[in-house]
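Thanks for coming. I will go through a few local features of one chain and then stop.

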Amino acid sequence: MARGKVQMRRIENPVHRQVTFCKRRMGLLKKAKELSVLCDADIGVIVFSPHGKIYELATNGNMQGLIERYKNKSNLPEAQAESNEQNIPQVIQQDVLLLRQEVDLLQNSLRYMYGERDISHMNLGELQSLESNLEVWVNNIRSTKMQLMSREIEMLKNKEGILKAANDILQERIIAQTSIMDVGCNMMIPQVPFQLTTESNYYF
């Protein structure tokens, strides 16, 4: 018959808790012995019961010897950390040296790019590196120039639209004023036709 799944929580019944402790403790010690025999491992197990009673198992030698070995091994990272701290200044010096070399290389490349140094003594690899850097530089310049030109074209288009709108408004005002002047002139012309007299040959 299959066993049901045991929930991993504290057993409230003290009798059941004590029985489970004894069974599990014996199973744990048995597993430790089997692991030691099968894998030739040194295992130390310490168990304190709920009442403070101690149970221990040392598969090779005694528990004190295993504890000493554990202390020595656990102190090893501290010793390694101390040695690493002593090596830190040397690592920093190496990093500083590499950074200085990179800075010198970049400065020399910039001088070559600006034509401040003669490139006749450069080897093929240096010339190829300089050429690739110059190509990247030229591409960046062209890209930036195209962006600026696009912005200027957009600004000119906006200005053109504003000027066109202002011109349309002025044209409408001129047409309106012209129509008003035409109406005024028509009002000033008399509606009664002039009469010609035989005496003066003038129109009145």
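A residue is called buried when its relative accessible area is under 20%, and exposed when that area is over 50%; anything in between is partly exposed. Please keep in mind that this is a predicted model.

Start with S36. Its relative accessibility is 11%, so S36 falls under the 20% cut-off and counts as buried. S36 is part of helix α1, which covers residues 14-39. What does S36 touch, leaving aside residues up to four places away in sequence? The partners are A41, I43 and T59.

Now the salt bridges. How many are there by the rule used here? The count is two.

One of them joins R69 and D42, with 2.6 Å between the closest N and O atoms. R69 belongs to helix α2, residues 63-113, while D42 sits in the loop between α1 and β1, so this pair ties together parts that lie 27 residues apart in sequence. Are these two residues buried or partly exposed? R69 has a relative accessible area of 48%, which makes R69 partly exposed. D42, with 35%, is partly exposed as well.

The other salt bridge is between E12 and R10, and here the closest N and O atoms are 3.3 Å apart. E12 is exposed, because its relative accessible area of 59% is over the 50% limit. R10 is exposed too, with a value of 54%.

Next, the surface. Which residues make the nonpolar patch of about 310 Å²? They are I46, F48 and I54. I46 is located in strand β1, residues 44-48. With a relative accessibility of 41%, I46 counts as partly exposed. A residue needs over 30% relative accessible area to be part of a patch, so I46 at 41% passes that cut-off.

Last, the aromatic side chains. The charged end of R25 is placed over the ring of Y55, at 3.9 Å from the centre of that ring. The structure also has one aromatic pair. Such a pair of rings is described by how far apart the centres are and by the angle of the planes.

Technical notes:
Residues numbered from 1 in each chain as written. Predicted model: local features only at pLDDT ≥ 70, side-chain atom pairs only at ≥ 80, totals over all residues. Heavy atoms only, no water. Patch = residues over 30% accessible without salt bridge, like charges linked within 9 Å, V, L, I, M, F, W, Y side chains within 5 Å. Areas by Shrake-Rupley, 256 points an atom, 1.4 Å probe, with all protein chains shown as cover. Salt bridge = Lys/Arg side-chain N within 4 Å of Asp/Glu carboxyl O. Helix = DSSP H or I, 4+ residues; strand = E, 2+ residues; numbered from the N terminus. Buried < 20%, exposed > 50% of the residue type's maximum accessible area, 1.4 Å probe, protein only. Contact = heavy atoms within 4.5 Å. Phe/Tyr/Trp six-rings, centres within 6.5 Å; stacked < 30°, edge-to-face > 60°. Lys NZ or Arg CZ within 6 Å of the ring centre and 35° of its normal.
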